[in-house]
Amino acid sequence: MKRRRRTILVWLSISAIFTAADGAKAGPFQDFFRTVRSAIAHPKETPRAHGRTPKRKKTPPSDASNSQTSQTPTPAAPGQPDVRWAKAGSIASDEKTNLPYGTPVQGKPGLVTSPFAPDAGYVQVIGFPPGTPVEDPYTGKIFLTP
């Protein structure tokens, strides 16, 4: 019987905390309990990701960008080369010996020039270990990271 009373008392205390009126300024505690209450009331919502990857700025879509395909690059600023991200390439292991290597860009780690389109712009290969086959975003051909 005592255990039942104690359980009821605990649940009443918890519900009193969550349903308390705004009698005094609670500050950050009020925000905390409001967040907890919201999480309990809406459990199927996914929480925000707290990754360490930098956030990219999103630009609002315009009519011109909607008509372009995703393969069409945005023109680079005058005087600066175009930079595109490389995708992982899939090849057979015996074909790997015949592939050319990208050329590292001096003073810009993680950037290479494609052996198939050296004047087109830079290819971003950060995250790929040396010798990894990647797809050239300019031509679609496979080359190896230096």
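This is a guided tour of a predicted model, stop by stop.

**Before you start**

Residues are numbered from 1 along each chain as its sequence is written, and side-chain values use heavy atoms, with hydrogens and water left out. Because the model is predicted, local features need pLDDT of at least 70 and side-chain atom pairs count only at pLDDT 80 or more, while totals for chains, interfaces and linings use all residues.

**Whole chain**

Show the cartoon. The protein has three helices and seven strands. Helices (H or I, at least four residues) and strands (E, at least two) are DSSP runs, numbered from the N terminus. Along the sequence the pattern reads α-α-α-β-β-β-β-β-β-β.

The accessible surface comes to about 12,300 Å². Carbon and sulfur atoms account for 58% of that accessible surface. Areas come from the Shrake-Rupley method with a 1.4 Å probe; for residues, only the protein chains shown count as cover. Of the 146 residues, 20% count as buried. Buried means under 20% relative accessible area, exposed over 50%, and partly exposed in between (1.4 Å probe, protein chains only).

Among contacts between residues at least 6 apart in sequence, 44% join residues at least 24 apart. Contact means heavy atoms within 4.5 Å.

**Stop 1: helix α1**

Select residues 2-18, which form helix α1. Colour Lys2, Arg3, Arg5 and Arg6: they gather in a patch of positive charge on the surface. Patches are made of residues with over 30% relative accessible area and no salt bridge; like charges are joined within 9 Å, and nonpolar side chains (Val, Leu, Ile, Met, Phe, Trp, Tyr) within 5 Å. A salt bridge is a side-chain nitrogen of Lys or Arg within 4 Å of a carboxyl oxygen of Asp or Glu. Lys and Arg count as positive and Asp and Glu as negative; His and the chain ends are not counted. Each charge is placed at NZ of Lys, CZ of Arg, CG of Asp or CD of Glu. Pick Arg5: this residue counts as exposed because its relative accessibility is 60%.

Next, select Val10, Trp11 and Ile14. They make a nonpolar surface patch of about 300 Å². Trp11 lies in helix α1. Its relative accessible area is 57%, so Trp11 is exposed.

**Stop 2: Leu99**

Go to the loop between β2 (87-88) and β3 (103-104), where Leu99 lies. Leu99 is buried, because its relative accessible area is 18%. Leaving out residues up to four places away in sequence, Leu99 touches Ile91, Pro133, Ile142 and Leu144. Draw a C-alpha to C-alpha line to Gly131: 9.8 Å in space, 32 residues in sequence.

**Stop 3: Leu144**

At 2% relative accessibility, Leu144 is buried. Beyond neighbours within four places in sequence, its contacts include Lys96, Tyr101, Gly102 and Thr132. Gly102 sits 42 residues away in sequence, yet 6.1 Å away C-alpha to C-alpha.

**Stop 4: Glu135**

Finish on strand β6 (residues 133-135), which holds Glu135. Glu135 is partly exposed, with a relative accessible area of 29%. Not counting residues up to four places away, Glu135 touches Ala86, Lys87, Ala88, Gly89, Gly140, Lys141 and Ile142.
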